[in-house]
Amino acid sequence: MGLLYPGALIFLALVPVLVLAYLAKERPSRVTVSSVLAFRALRGFRRERFGGRPRLDWMFFVEALILMLAVLALAGPFIWRSSNPIAVVIDNSASMQALTPAGKSRFDIAREKLDKALSAEDGDGEISIYVTAPQPRRVAPPYKSLAEARFELARIKPIDAPNDQTTLSSFLSNLAESRVSKVIFAGANALEAPVPPRIHAIAVGDAVANLAIGSFTLRREALGAEALHASLTVANFSPETHTLEIVLRGDGKEIARAKEPLAARETGVLEFQALPPARVYEAHLSPADALPLDNVAYAVGGSIKAVSILFISPTPADAAGLNAIPGVAVTARTPDAYTPDDLATVDLAIFEYATPKELPAVNAMIVMPPPGDAVFGLNVTPAAQVAIAGWGKTGTLTDSVNFRLLSLRGGEYFGTHPWMSEVIAGDGGALMLKGERGGHRFVATGFNPFPYLGKRNLPMSVLTLNAISYLAGLGGSSIENRTGQPWLVPAGVESVILPSGKKIASKPGTLFTEVSEQGVYEMIGPGTARTPRAVNLDDLTVSDLASTPALKIESASAGSSPAPVMEKSSLSDYLLAALIALIALEAVIVYRRRHRMAEAL
Amino acid sequence: MFGLPDELTPSFLARLEKLRIRTRQQYAGMGRGMHLSPKRGSSLEFSDFRQYSPGDDFRYIDWGLYGRTDKLYIKLFQEEEDLLTYVFVDASASMGFPAGDRKFESAIMTALSVAYVALASGDRVMMRILGGTGAALNPSFVYGQHRIVELARRMQGLKPGGQFDFATALAHELVAIRRVGKVFIISDFLMLLNSITRGLGLFTAASMDLTAVQILGGREINGQGLDGDLEIVDSESGERLRVSIGERERTQYRETMMRLTREIKSFCFKRGLHYALYTTDTDFQKFFLRAASDLGLAH
């Protein structure tokens, strides 16, 4: 037996205080009797008698016991007892949807084997059930009975997201080291020897032939062009050569078809040129195989959506070139004519040589802001000639920009900014910053990319299109969104409809984590505005059902026999029950005593 | 029934009618009755002889004696008269405690029962209340069996209260009543023995036949419900005592109470007085009928 908080025993010092209180209490009950004649023969208060002892009746001992039990309960007494808690880990990742030659999915087989394994256990300990995808987690508090655990197991279904193998290894390792007597892991991956003694692995990842679509990306044929170019990665994870046929559909209609012969374990890329505009594109692979999930992929033509821009500038004519970009509608306004209400109907705003008086309610680009800006706190240093010193090699804003050909003239450098990060660095400070505030994206440039000149200034035009695309918050490629990977909710999105049809409220700027399903998610903005977002499995390592790598579990106790699991069993509940019983007893005694007294009077 | 306490049921009253008050002396009454009077009268009870005087009733001449002595003697017989019965009920504050014991109500029942016995025997009854609150009873005799209802109604509004010196109060009553007779004093007698003996002694000195009926509560006599540290307050004097009562103290208290009652009983026996103790936790009817002899009643 031990105590969680032995320091609480200091409150036992209250027991002498209780005794003193009993000694000191001067509140005898007053009773009127017919005559005190017969009482005169009795001696006075015992405690008032010389050398007498206090009157410590059994009520006193009840109260002392209550006090001591309360102190003991505060100290958190516990006893060690051996227990047999079991952790059940079932792999619910996408690869578990694969059908085996027996006609059952890997998941169903894993569940059956788990059920058998659980039946063989004593069943005297708690059973915790964990799933592995998208991140390992316990599905519910530990179950007390085998029946409850079985019921919960029957409810679990595999999702479209893959496992994070590193996290899963680490999770199993931690679980094996935790206070469980046994970890039963059922999944596609076998465990690499030596397996920690507490882990009992059930591997259901037998080799299955599979054909898969990997990535499905859309790009423009040319900058500003309407036509799209699709790239699909396909793979043949089977021991035989197969001719894979891909059918592309745009908004449900077939728009392209291609065949690709692939040798065993070969990966190929299919390109589709000049695809007509569509809202949602689907790629379907045939022939059918064991894992239908990776035979479909989705992409959305997000950049084709008309982007409405409000251009605020003392020289509104600079916005003229933007109208040449397909799908872009620009409204120009001078700073004097601008009001924040103008932002209600646009997707983004561009402030040229101007800054708003309050943080805009849409994504915005600030071009060469005048000094003294109070809203963004941009610290600007004008320069007659600015020069680029460096830029982010990867990123939406700098993607495909040939900075060596980008010539800048006069502009201004930005000082260090508290919440905006540097995208393009110059000799005298940052030349381009980006950041997010209040759920909106903001880009500030120390040079002026306007007027938009299109192909006449290609590097600047690409940079401008990147900025507009970034600020519009709409990706044109499916590669960014994979099942199991949360994404940031774009500005203006109030809710998201999952591919299954379930609608989930969302808040701009927060991570959207309900990403277990493959398909097209509809982001709902104000009114009826809907923006699709494609989320794909897009993981050929998952699709490779022929070779499932073994998981390596790093465990300090690997190879040694499992020590018995001892767990602390708190006695506080029993003490509290005893306390309540004693308090009730005291209440009954006091009531009866008063009742008797009242009767006597 | 008719304002009588519930305990005075018709069957009980019928049994009371078979009782009569017994006295150790003969007292002059106020009218004809069933008790021998010290007066010469016309009862069948021979009393004495005296010489014939002109005018005496010839019927009472003892002709046998005349034959032997040649002198005329008149046979004298005792008079039978009613008995003047005084019932004193202690209504001091102590009779109201413990409230649950209904001591005063028991005292009233006892008084009414005694009064009914007297009225049913053709005696006269004067009921007097010592202390208490409520309408005072007239110091007059009532006569006739039916008057019990009137007595009961008069006593309904009485409540115990106040404090008085027992001996002094009885002395005042004795002066007021003037005529001797049978006296019942109903009280808890929870007072100094000296005061009791002085009070009762007044009546014995006045040649009155006296019955002391002590009424004690069942809980009172056992100290039931008294436990722990208590401040005991005297209901009459307000005197306060602080005591710790446990089982031992309760035993000691019970013994003291019993000793007090024994002392009163002993005094009564020594003085030739009747004494009866009624504890309120017992059945009243059984007590009254079984203790009739102790109460100075006879069948």
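**Cores, a loop residue and a helix**

Student: In this predicted model, which residues touch the most other members of the largest nonpolar core?

Tutor: That core holds 82 residues. Its largest share, twelve residues, comes from helix H3 (residues 103-120) of chain B. The ones touching the most other members are B:Val87, B:Val89, B:Ala111, B:Leu112 and B:Ala115.

Student: Leaving out residues up to four places away in sequence, what does B:Ala115 touch?

Tutor: B:Ala115 is one of the residues with the most contacts inside the core. With sequence neighbours up to four places away set aside, its partners are B:Val87, B:Val125, B:Met127, B:Ile148 and B:Leu151.

Student: Is A:Leu343 buried, partly exposed or exposed?

Tutor: A:Leu343 sits in the loop between strand E17 (328-333) and strand E18 (348-352) of chain A. Its contacts include A:Leu310 and A:Pro360, and its C-alpha atom is 7.6 Å from that of A:Pro360, 17 residues apart along the chain. Buried would take 20 or more other C-beta atoms within 10 Å. A:Leu343 has 18, so the call is partly exposed.

Student: How far apart are the end C-alpha atoms of helix H6 (residues 458-472) of chain A?

Tutor: Helix H6 of chain A has 15 residues, and at 1.5 Å a residue they should span 21 Å. The model agrees with that, as the end C-alpha atoms are separated by 20 Å.

Definitions and conventions:
Residues are numbered from 1 along each chain as its sequence is written. Chains are lettered from A and ligands numbered from 1 in the order in which they are written. This is a predicted model: local features need pLDDT of at least 70, side-chain atom pairs count only at pLDDT 80 or more; totals for chains, interfaces and linings use all residues. A nonpolar core is a set of buried Ala, Val, Leu, Ile, Met, Phe, Trp, Tyr and Cys residues joined through C-beta atoms within 7 Å. A residue is buried if 20 or more other C-beta atoms lie within 10 Å of its own, exposed if 12 or fewer, and partly exposed in between; C-beta atoms are placed from the backbone. Helices (H or I, at least four residues) and strands (E, at least two) are DSSP runs, numbered from the N terminus. Two residues are in contact if their C-beta atoms, placed from the backbone, lie within 7 Å. The expected span of a helix is 1.5 Å times one less than its number of residues.
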